[in-house]
Amino acid sequence: MRFLRRALLILLLTLLATACHDGHGNYPARIMPAGIEHDPATLAAAEKIFQRNCASCHGKVDEGRSPRADGYYPPAPDFTEARYRHSDPAYLYWRIETGKSVEPYQSQGSVMPAWGQHFSEQQIWQLVALLKQRAEHGGNPL
Ligand code: HEC
C-alpha cells in the first residue's frame, strides 16, 4: 500500500514536471525583462523585425495565420493561438535563438532559422513580448 502511494506520488510529480516544460526540448531558464511585454516602443520595434524576418513564413502581424504556414512540415505555427498565452517566455526565446539547429526540431526537418547570431538578446526578448501580446490580443497588439 505504502509502495503504491509512493509510486503514485512519483508519477504525479513526473507528470507535473513535464507539464511545466513547454514544447519538447530542454531549454535554459531565463527571465523576461520586466515591463517590456506591455511597452508600445518594444512592440513597435519587434513588429518591424517580425515583418522583415518572420512574416514570410509565420504570416504578417495583421494577417493572422499565413497561407504559407502549411507549406512546411512541421508547419509554421500561428502565434495568435491561445496556447501561446501559456508559453514560457524562456521557451519562446530559446526557439527563436536556436530554431532548427537543435533537437528534436533538427530531426523533424524544421525550416525555422536560428536567429541567435542575427539579433541581440534585447531584440529576441522584444520578439517574445510581441508573440505573447499577439496570443492575448489576437492579430495586431498595437
Ligand atoms: C523559413 C520560414 C521561417 C522563418 C523565416 C521563421 N520561422 Fe519560426 N518557424 C518556422 C516553422 C516551419 C516552425 C515550426 C517548426 C519548429 O517548431 O521548428 C517555426 C517555429 C517557430 C517557433 C516555435 C513555436 C513553438 O510553438 O514551438 C517560434 C517561437 C518561431 N518560429 C518564431 C519565429 C520568429 C520570431 C521569426 C523571425 C525572427 C521566425 N520564426 C522566422 C518557420 C520560420
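Me: A residue counts as buried if 20 or more other C-beta atoms lie within 10 Å of its own, as exposed if 12 or fewer do, and as partly exposed in between, with C-beta atoms placed from the backbone. What percentage of the 142 residues in the protein chain is buried?

Reply: This is a predicted model, in which local features need pLDDT of at least 70, side-chain atom pairs count only at pLDDT 80 or more, and totals for chains, interfaces and linings use all residues. Residues are numbered from 1 along each chain as its sequence is written. Among the 142 residues of the protein chain, the buried share is 25%.

Me: How many helices and strands does the protein chain have?

Reply: Helices (H or I, at least four residues) and strands (E, at least two) are DSSP runs, numbered from the N terminus. Reading from that end, the elements go α-α-α-α-α-α. The count is therefore 6 helices and 0 strands.

Me: How do H2 and H6 lie relative to each other?

Reply: Their axes (lines fitted to C-alpha atoms over the stretch in contact, with angles from 0 to 180 degrees between N-to-C directions) come within 8 Å and cross at roughly 95°. Angles under 35 degrees count as roughly parallel, over 145 as roughly antiparallel, 65 to 115 as roughly perpendicular and the rest as oblique. H2 and H6 are therefore roughly perpendicular.

Me: Which elements give two or more residues to the shell around the ligand?

Reply: Let's walk through that shell, where a residue is near if its C-beta atom, placed from the backbone, lies within 6 Å. The ligand is surrounded by 21 residues, with Cys 54, Cys 57, Ala 76, Ser 110 and Met 112 the closest. Two or more shell residues come from helix H3 (55-58) and helix H4 (89-98).

Me: Is Gln 117 buried or exposed?

Reply: Gln 117 sits in the loop between helix H5 (105-108) and helix H6 (121-137). Its C-alpha atom is 9.2 Å from that of Thr 98, 19 residues away along the chain. Because Gln 117 has 7 C-beta neighbours inside 10 Å, this residue counts as exposed.
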